[in-house]
Amino acid sequence: MSDRDDILQRLRAAPRGKAPLLPDVSAFHAALAAGMPASTPAARRTLFCEKMAFWHGEVVRVTHDSWPEKLRELCLAKGVRSLLCGERHAVALRGAGIEGLKTYDRPLEEWKAELFQNIEAGLTSTRGGIAETGTLIIWPDASEPRLLSLVPPIHFALLDARQIYDNLFTAMSEQGWSAGMPTNALLVSGPSKTADIQVTLAYGAHGPKELIVLLLVDEEELA
Amino acid sequence: MNTQALRFVPASEFKERAAAAVADEHLRHSFRGAMDFLIGKRAAQFPDPVALEQQRALAEHIRKYSLARLPDLLEQLERKLTENGIQVHWAADPEQANRIIIDIARRHSTRLMVKGKSMVSEEIELNHAMADAGMEALESDMGEYIVQLDGEKPSHIIMPAIHKTKQEIARLFAERVPGAGYTESVDELIGIGRAVLREKFMSADIGLSGVNFAVAETGTLCLVENEGNGRMCTTVPDVHIAITGIEKVVEKLEHVPPLFGLLTRSATGQAITTYFNMISGPRRPGEKDGPREMHLVLVDNGRTQAYSDEQLRSTLQCIRCGACMNHCPVYTRIGGHAYGTTYPGPIGEIISPHMLGLAATHVLPTASSLCGACGEVCPVRIPIPDLLIRLRGEAQHDERPGHFPMLGQGAAKSRVIDAIWAGWAALYTRPALYRAFGWLATRFRALTPPMQSGWTVSRTPLKPAGQTLHERMAARKRP
Ligand code: SF4
């Protein structure tokens, strides 16, 4: 008998007992929400920023029109000489005249060493944020590959302030994740870190050492 | 460097190792400090005890529901993963799991495999098997990298190098990492590890990872981590192999958030980890990175034995947060290595007997004062103390009707102990005999031996009182 059949058979032979009902996660969250003040976009945004700061992520407010220019300033201020972006934002960024701009437009194998050694920062979009934990939702795709948010030492992430959800459960149900997951979906909360040496926290373990969120807000709010 | 894997020492020598560990002041100090830190961090995450109980109830419910449907969910998971382009393999035991992985590695002419944190790969001693097959398996989690560099095994499932001080790690790096100088700065030490491992991620042929949750409805493998090495291992090399125990599957994606939220809060007192990596397939046409080939190895290794008994099945609810060991007074005093098994602490005491058999592990369930701390903090409410008592019993008696015999059933049975219990039962069921015994024991108390086997190893000898309780009560009643 194959290991597969053997394992399944042993599981099926086990006493069944009373089968538990399907857990109702959404009722659980509804009950929680009922006991709290109504969630507003402003409150979610404030909480998100607070939590992101706790994870050592920086939040910079930008507008839909000005963010490429702001990114150029940030790169200058941080001494970034090479910024990697996906095809999605390549045109907008080229327009801003960012120095050392590169597009992730080739398969990894063709330029692995260059990606690891010569790129100082990367920019990705996000699919939203989570207020409760200060988390970014990132769905890499053909335009913005997986490593864009991992290999460069600085990670810039563009987040639409209207896309901040209360918690992970609301984000996944409102965005309908279970209908179709991408090959790789990510939650990112701050720069990479470790406490493996004497429980002392150190940033920049294997991934980015810095995470900067470009929070897209309306023109009026910025003023 | 030393990438030679070590084999675990037999658990039967637990007592000797525990004694040595207790005598090591430095080790006790490290563990006490680290555990107090983790206990404090966890407590800060759960300020409201009522809310915590509600969360635990939901998490327990999800785990019990998933286990009740386990065979169906495994088949659904297999179907979904296959649709997504992930090849699924099943392994009844560690040998088979290693064979599957080594076959894949050979097919790709592997020289180097980089590994993200995976306790199941420790369980099957994959590093050893890879070394025997002439291939290198390199740990890339900072803590795992450190212990591997020193030829050791992890001493904690979440913080593998918790037994080491930064001075020890500084010396280790200076000695073993080519080009590294001596530094006690934690940032610099992490920087050294980062530089070495980035080179390895680039050149590795295969990445191996564990799995924290496998979602049946979408065919998604979820990985929880802070460092980003897990993402490196699952994204940079051309081939990704994930390995997991068969119990990790849940039915729906929405079952993940409650478990994930409790996992990180219970483990390290974090509301969330830096990364939550959800993988549902290899690189698709048009995508520019990610592995071109993906495998999942589902490992049994004794889990079906735990499953076959309704009480012991709750062992499989575990989400490997490590809170039970952080709160265990025994673990805190002896550290992880003394147990001699992959999983130390309370979770190790209840899962190892299924993996290794009671003959090798019957002493482990006795490494507990039954204070109940483990059961109280367990986020999925595994009744750990009840299971410890049950396993102690299974080690002492033959198979009984109602459940399958356990591997090593009755391994700790002893004629002497059986005889003592038989005598005890006789005494307590016959009043005349009981009185006679009481009279003799009190009158001849001077003859009680000063050495009383295990009892007097660390306690003063037992000695009966001058009068039995019956006699004293009778004396009080007299006017
Ligand atoms: S038994 Fe409970 S407390 Fe221990 S590791 Fe598993 S889930 Fe955590």
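I take helices (H or I, at least four residues) and strands (E, at least two) as DSSP runs, numbered from the N terminus.

I note that this is a predicted model, in which local features need pLDDT of at least 70, side-chain atom pairs count only at pLDDT 80 or more, and totals for chains, interfaces and linings use all residues. Residues are numbered from 1 along each chain as its sequence is written, chains are lettered from A and ligands numbered from 1 in the order in which they are written, and side-chain values use heavy atoms, without hydrogens and water.

**Entry 1: aromatic pairs**

I counted rings of Phe, Tyr and Trp (its six-membered ring) as a pair if their centres lie within 6.5 Å; planes under 30 degrees apart are stacked, over 60 edge-to-face, and the rest tilted. I found eleven such pairs over all chains.

I looked up Phe260(B) and Phe276(B): their ring centres are 4.0 Å apart and their planes stand at 20°, so I recorded the pair as stacked. Phe260(B) belongs to helix 12 and Phe276(B) to strand 9 of chain B, 16 residues apart. For burial I used relative accessible area (1.4 Å probe, protein chains only): buried is under 20%, exposed over 50%, partly exposed in between. Phe260(B) is buried at 3%, and Phe276(B) is buried at 1%.

I then turned to Trp424(B) and Tyr428(B), which are stacked because their centres lie 4.5 Å apart with planes at 20°. Both are in helix 20 (residues 415-429) of chain B, and being four residues apart, they are separated by about one helical turn. Trp424(B) is partly exposed at 45%, and Tyr428(B) is partly exposed at 47%.

**Entry 2: chain A**

I recorded eight helices and twelve strands in chain A.
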